[in-house]
Amino acid sequence: MITYKNLYSSLCSLENLKLAFKKARRGKTKKWYVIEFESKLEINLTELKTELEAQTYKPKPLKRFIIRDPKTRIIYASAFRDRVIHHAICNLIEPIFEKIFIYDTYANRKKKGVHAALKRFDRFKRKVSVNGRLAMHAKNNNMVVGYALKADIKHYFETVDHEILLKILRKKIADKKVLYLTKIILDNHEMKFKGKGMPLGNLTSQFFANVYLNELDYFIKHILKAKYYVRYVDDFVILHISKEKLLLYKWLIGNFLKSLKLELHPEKTKVVPLYSGVNLLGFRVFYYYKLLKKSNIKNFERKFNFYKLSSDGIIKNLDGWFGYAMHGNTYKFIRKIRSINEIIKIWLVECESQLDY
């Protein structure tokens, strides 16, 4: 296996740090902390370079806040200078691991995402049921054709083991300084248990989440030889014609995850027939159509009480929901979003005209 040495000097280079800064500021150019950092860009980047080379760099404490979306989550925000470092690390090591990731993992990767994962699931669903011919009238005739093992890892981000992650990274990264910097970033987190967990919100956490579960991907694809497998972060699904085969997979995967100090979520991991619908990435996916989960629609209604939203965020959030809802059979819901969008645009124009006076 090829390992990569002497990466640290490239990581610390001004060229890499400038690229990292450009990526970190994307979509945030009007934020005060970006404007402040950019006002002294050369000084700030040179300071980071010096700290990295001397190995005196220490990240600032994370800012903690809670969101309810609708599930309660604790999100952590890094200082902007630390986000630059996160991008600098990922610039170097992400391309190395991207080469060994399997095709069917869809989170936080270029040309992937929710839409691609749902399309892939639809393709696998057709293959398992022989292009739908065997699935036709399955429910009415009590002829179940095709099952899905829908699985979720319990408290995934809270239970990632740092030593195991660093061991996985060492398979490809032989530069001790890069690994030491990685450990510093992993340790900059309020941990329930020492040496465990990654903060939701960090770019590095998103990337390391894929690195860690790449071990699971290889087990499922190369040891279990599962053909129809899709993963999005810790949410994954396997399709098969046989319910018994999927129940066996569930048991074997549960045992394998112990080696990563992880476990399947007991309530969210189950084998279901395709005709009854599969909960996947915010949708309930049936054989011929997919619907938004009721909890997501309620979340939309809660979010877009625009008396609680700032005018700057209304249109942006509506556009995001519109793009998301288009992945399903949600004509009425999309029409509702469009109506709200038009009303808010008119309202914002009227507000601006009043301010002109």
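Predicted model: local features only at pLDDT ≥ 70, side-chain atom pairs only at ≥ 80, totals over all residues.
Reader: Which residue does Arg64 form a salt bridge with?
Author: The partner is Glu190, and the closest N and O atoms of the two are 3.6 Å apart. The pair links distant parts of the chain, with Arg64 in strand E1 (residues 63–68) and Glu190 in the loop between helix H9 (176–187) and H10, 126 residues apart. Glu190 itself counts as exposed, since its relative accessibility is 51% and the cut-off for exposed is over 50%.

Reader: How many salt bridges does the structure hold?
Author: There are 16. One of them is between Lys18 and Glu42, where the closest N and O atoms are 3.7 Å apart. Lys18 sits in helix H2 (residues 14–25) and Glu42 in helix H4 (residues 41–54), so this pair ties together parts that are 24 residues apart in sequence.

Reader: And what does Asp217 pair with?
Author: Its side chain meets that of Arg231 in a salt bridge, at 2.8 Å from N to O. Because Asp217 belongs to helix H10 and Arg231 to strand E4, the pair ties together parts 14 residues apart in sequence. Both Asp217 and Arg231 are buried.

Reader: Switching to E4, how many of its residues are buried?
Author: Four of the five residues in strand E4 (residues 228–232) are buried, which leaves the strand mostly covered.

Reader: How do E4 and E5 run, parallel or antiparallel?
Author: They run antiparallel, and five bridges join E4 to strand E5 (residues 235–240). Tyr232 stands opposite Asp235 in E5, and the two strands form a hairpin with two residues between them, where Val233 in the turn has a positive phi of about 55°.

Reader: Last topic: which residues form the positive surface patch?
Author: The patch is made of Arg123, Arg126, Lys127 and Lys227. Lys127 has its place in helix H6 (residues 114–128), and Lys127 counts as partly exposed because its relative accessibility is 41%.

Technical notes
Residues numbered from 1 in each chain as written. Heavy atoms only, no water. Patch = residues over 30% accessible without salt bridge, like charges linked within 9 Å, V, L, I, M, F, W, Y side chains within 5 Å. Areas by Shrake-Rupley, 256 points an atom, 1.4 Å probe, with all protein chains shown as cover. Salt bridge = Lys/Arg side-chain N within 4 Å of Asp/Glu carboxyl O. Lys, Arg positive; Asp, Glu negative; His and termini not counted. Charge placed at Lys NZ, Arg CZ, Asp CG, Glu CD. Buried < 20%, exposed > 50% of the residue type's maximum accessible area, 1.4 Å probe, protein only. Pairing = 2+ DSSP bridges.
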